[in-house]
Every structure is written in structure tokens, then in C-alpha cells.
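Please consider the sequence and the model together.

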Amino acid sequence: MITIRLADAADWERIWPIWHGVVAAGTTYMWDPATSYEQARALWMSGEVFVAVEGDEVVGTALLKPNQPGLGDHIANAGFMVDPSRAGRGIGRALATAVLDHARSSGYTGMQFTAVISTNTGAVTLWRSLGFEVVATIPGGFRHATLGRVPIHIMYRDL
């Protein structure tokens with residue numbers, strides 16, 4: 001059974017292997033694949049962080065924060081990562097549902113993803129199924145580790 005909860009600082013040790021594995025692959029996140037442990041911690045632990053836990057193991061994580069400061073802080077932004085060895089088991093959907101509910105109850109009126117890699121078809125399919133729309137596509141916006149330059153989508157939905 002998967003439990004979704006807010007992370008605490010001690011969870012970073014269990015988040016890091018997922019974060020590092022996903023980012024180092026160079027296929028789904030803009031961050032530099034060589035991002036250090038400390039840099040990654042500062043990037044990921046900068047907002048409200050959630051973990052998906054199965055037993056006592058962290059199997060996924062999400063970051064929720066305002067998309068922009070000041071007059072744009074009513075729109076949420078989020079990032080999601082699931083242990084690649086557990087893909088396709090509903091962990092991403094469970095995290096997404098929990099984070100969307102939390103964002104709504106926290107007063108956000110919408111959620112925007114600024115860089116969904118077009119070749120990450122699992123993510124694009126999930127976000128569309130949860131009501132997100134592609135509102136723009138940036139040709140060649142991501143330097144994919146194996147495919148070269150591929151488009152990124154900006155996706156949005158009201159909350």
C-alpha cells in the first residue's frame with residue numbers, strides 16, 4: 001500500500017537516489033545530470049515536498065511551490081519523480097492526486113508545468129488524464145540524452 005505524506009528533512013537521504021537516478025538519465029528533467037547531492041537538496045527541498053512511501057521505502061516524491069513569486073503565486077508548479085523500477089504501478093497518479101488536492105486546499109487556483117518533455121509520454125498521458133492541457137510547445141526546448149533536441153510542453157489546468 002502506498003502512503004503519501006509531507007516529507008521532512010530526514011527524508012532527503014531516501015529521496016536522493018530517486019532524484020539522482022531520474023535527473024542523471026537526462027531524459028525527463030531540465031536539471032544538469034551532474035547536479036551534486038547538496039545542489040539537488042537545495043533545488044528539491046525548496047518548497048512543500050511529498051513522498052510516496054511503500055512500507056518504509058520512499059518510492060516517489062513531489063515538489064509543490066508557487067509557479068512565480070508575488071502576483072503570480074496563486075498558480076502552483078510541481079515536479080514529480082517515481083523510482084524508475086516502480087514505474088507503471090500508479091505511484092505517479094497517487095502523488096499527483098494528493099498534490100493537486102493539497103494545492104487546491106492551500107488556495108492555489110491553477111497548476112502550470114513549465115517543461116514537460118514531449119517524449120516522456122507516460123507523464124504527458126497522466127497529466128492529460130488529470131485535466132491538464134498543452135497550452136504551448138517549445139520546439140527543441142530540451143537536449144535529450146539520447147534523442148537530441150526534443151520539444152517541451154507547457155501544461156496547465158485550473159484547480
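A salt bridge is a side-chain nitrogen of Lys or Arg within 4 Å of a carboxyl oxygen of Asp or Glu. The model discussed here is predicted.

Q: How many salt bridges does a search of the whole structure find?
A: Side chains of opposite charge can pair when their charged atoms come close. A search of the whole structure for such pairs gives a total of seven.

Q: What is the distance between the closest N and O atoms in the salt bridge of Asp11 with Arg5?
A: The cut-off for a salt bridge is 4 Å. Asp11 and Arg5 form such a pair, and their closest N and O atoms are separated by 2.8 Å.

Q: Is Asp11 buried or exposed?
A: Asp11 forms salt bridges with Arg5 and with Arg14, the latter at 2.9 Å. Arg5 is partly exposed at 29% relative accessibility, and Arg14 is partly exposed at 31%. Buried means under 20% relative accessible area. Asp11 has 3% relative accessibility, so this residue counts as buried.

Q: How many residues apart are Arg89 and Glu54?
A: Arg89 and Glu54 meet in a salt bridge of 2.6 Å, N to O. Arg89 lies in the loop between strand E4 and helix H3, whereas Glu54 belongs to strand E2; the pair links distant parts of the chain, and the separation is 35 residues.

Q: Which residues do salt bridges that share partners join into one network with Glu54?
A: Glu54 is partly exposed at 23% relative accessibility, and Arg89 is partly exposed at 48%. Through shared partners, salt bridges join Glu54 into one network with Glu57, Asp83, Arg86 and Arg89.

Conventions: Residues numbered from 1 in each chain as written. Predicted model: local features only at pLDDT ≥ 70, side-chain atom pairs only at ≥ 80, totals over all residues. Heavy atoms only, no water. Buried < 20%, exposed > 50% of the residue type's maximum accessible area, 1.4 Å probe, protein only. Helix = DSSP H or I, 4+ residues; strand = E, 2+ residues; numbered from the N terminus.
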